[in-house]
Amino acid sequence: MPNIQLQLIEELRLLYLQEKKERKSVQQKKETYVFNIWEDLHKSYQQEKEQIYQQYIRPFISEYSFLNSLSSLSVIGKINQETYHSCFLEKIWDSQTASGSIILTDFFKTAGIKEDWIETVICNQYSITKEYYTGKHRECDLCNNRIDLFIKDDTHKWLVVIENKICSEVHVKKRGGRNQLEIYKDYCERIFPSYKRTFILLSHCDNKSYAQKSDWRYTDYYSVMKSLLKYSKCGDIIQDYLKTLYSLLFNKEQLDTNLYNEETSLYDYNLFINRIISKIY
């Protein structure tokens with residue numbers, strides 16, 4: 001993104017040097033020149049604003065104007081519930097849908113996964129289970145746990161465990177002090193020893209320290225939205241979930257096309273680019 005503030009500062013500096021050089025002229029000429037300086041500055045400002053709008057703002061709001069409307073989760077007040085996010089992701093990434101495996105592959109790549117098995121996702125041999133039940137085990141902390149999203153390919157022998165967190169921290173067991181990430185990883189190593197295993201903590205609040213401690217890959221919901229945006233025309237479910245993600249990530253930022261007019265400042269444009277577009281586009 002262009003550093004608009006530095007550009008303006010440099011323009012002002014050059015104009016100041018010009019004015020300083022011209023101070024030897026008569027007062028009348030000086031007043032006229034100063035007036036012209038501000039005229040030129042205003043023109044440069046408007047040109048810069050128009051360029052930024054046409055290059056960044058207009059394409060974004062034209063392509064994704066639907067983001068400003070309410071999603072189904074916003075209507076029912078469940079935007080902060082992990083289980084509902086899992087339901088949408090399970091459906092969107094389903095291997096039986098037309099674009100499910102492509103979208104899932106893009107998410108994995110956006111999350112930084114580079115393992116060889118990622119190339120087999122497109123074969124559509126995987127299954128996704130939400131609230132995957134770990135069953136009963138001899139060790140009490142492995143018993144009766146439910147993994148948010150459990151993705152497994154028995155043909156190519158790989159699995160991905162995804163734990164969703166919106167506003168809550170990773171749960172830590174009172175007995176033994178182990179957190180749920182360590183428990184899930186231990187479970188998968190015991191039950192699926194021959195599978196290539198990847199563990200992802202998908203979190204909106206800051207849970208990085210838990211991921212590092214448990215050797216999990218950490219990513220956020222910006223990654224989910226970034227991987228989904230180019231598929232916004234692939235179905236109503238994807239558009240609906242993108243609206244949910246926009247509300248979750250930018251709840252105080254309105255994507256109002258009427259806001260971007262002659263009165264909107266260059267500073268406002270820059271804020272929109274830095275706070276929204278640069279994070280997901």
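Residues 24 or more positions apart account for 64% of the contacts in this chain with a separation of 6 or more, a contact being heavy atoms within 4.5 Å. This is a predicted model, where local features need pLDDT of at least 70 and side-chain atom pairs count only at pLDDT 80 or more, while totals for chains, interfaces and linings use all residues. Numbering runs from 1 along each chain as its sequence is written, and side-chain values use heavy atoms, with hydrogens and water left out.

**The overall picture**

The chain has 10 helices and 5 strands. These are DSSP runs, numbered from the N terminus: helices are H or I with at least four residues, strands are E with at least two. Of its 281 residues, 44% count as buried. Buried here means under 20% relative accessible area, exposed means over 50%, and partly exposed is in between (1.4 Å probe, protein chains only). Accessible areas come from the Shrake-Rupley method with a 1.4 Å probe, and for residues only the protein chains shown count as cover.

**What sits inside**

In soluble globular proteins, nonpolar side chains tend to be buried together. The largest nonpolar core here has 55 residues, and Trp93, Phe108, Ile151 and Met225 touch the most other members. A core of this kind is a set of buried Ala, Val, Leu, Ile, Met, Phe, Trp, Tyr and Cys residues joined through side-chain atoms within 4.5 Å. Take Met225: leaving aside neighbours within four places in sequence, Met225 is in contact with Leu67, Leu242, Leu245, Tyr246, Leu249, Phe250 and Ile280. Apart from that core lies another one, of 18 residues, among them Tyr132, Ile183, Tyr184 and Tyr210.

Tyr210 is worth a look. Tyr210 sits in helix α7 (residues 208-214) and counts as buried because its relative accessibility is 19%. Skipping neighbours within four places in sequence, Tyr210 is in contact with Glu169, Val170, Val172, Asn179 and Leu181. Val170 is 40 residues away from Tyr210 in sequence, yet the two are 6.9 Å apart in space, C-alpha to C-alpha.

Not counting residues up to four places away in sequence, Glu163 touches Asp148, Gln180, Leu181, Tyr184, Ile200, Leu201, Leu202 and Trp216.

Helix α4 (residues 82-92) shows how burial can be laid out along a helix. The buried residues of α4 are Glu82, His85, Ser86, Phe88, Leu89 and Ile92. Seen down the axis of α4, they fall within an arc of 165°, so they line one face of the helix. The arc is that of the directions from the helix axis to the C-beta atoms.

**Salt bridges**

A salt bridge is a side-chain nitrogen of Lys or Arg within 4 Å of a carboxyl oxygen of Asp or Glu, and by this rule the count comes to 8.

| Lys233 | Glu63 | 2.8 Å |

In the Lys233 and Glu63 bridge, Lys233 lies in the loop between α8 (221-228) and α9 (236-249) and Glu63 in helix α2 (residues 27-63), so the pair ties together parts that are 170 residues apart in sequence. Lys233 is exposed, at 64% relative accessible area, whereas Glu63 is partly exposed at 36%.

Lys130 is partly exposed at 31%, and Glu90 is partly exposed at 22%.

Arg217 counts as partly exposed at 27% relative accessibility, and Glu115 is partly exposed at 30%.

**A nonpolar patch outside**

Leu70, Val75, Ile76 and Tyr84 form a nonpolar patch on the surface, with about 420 Å² of accessible area together. Patches are made of residues with over 30% relative accessible area and no salt bridge: like charges are joined within 9 Å, nonpolar side chains (Val, Leu, Ile, Met, Phe, Trp, Tyr) within 5 Å. Val75 belongs to helix α3 (residues 72-75) and counts as exposed because its relative accessibility is 60%.
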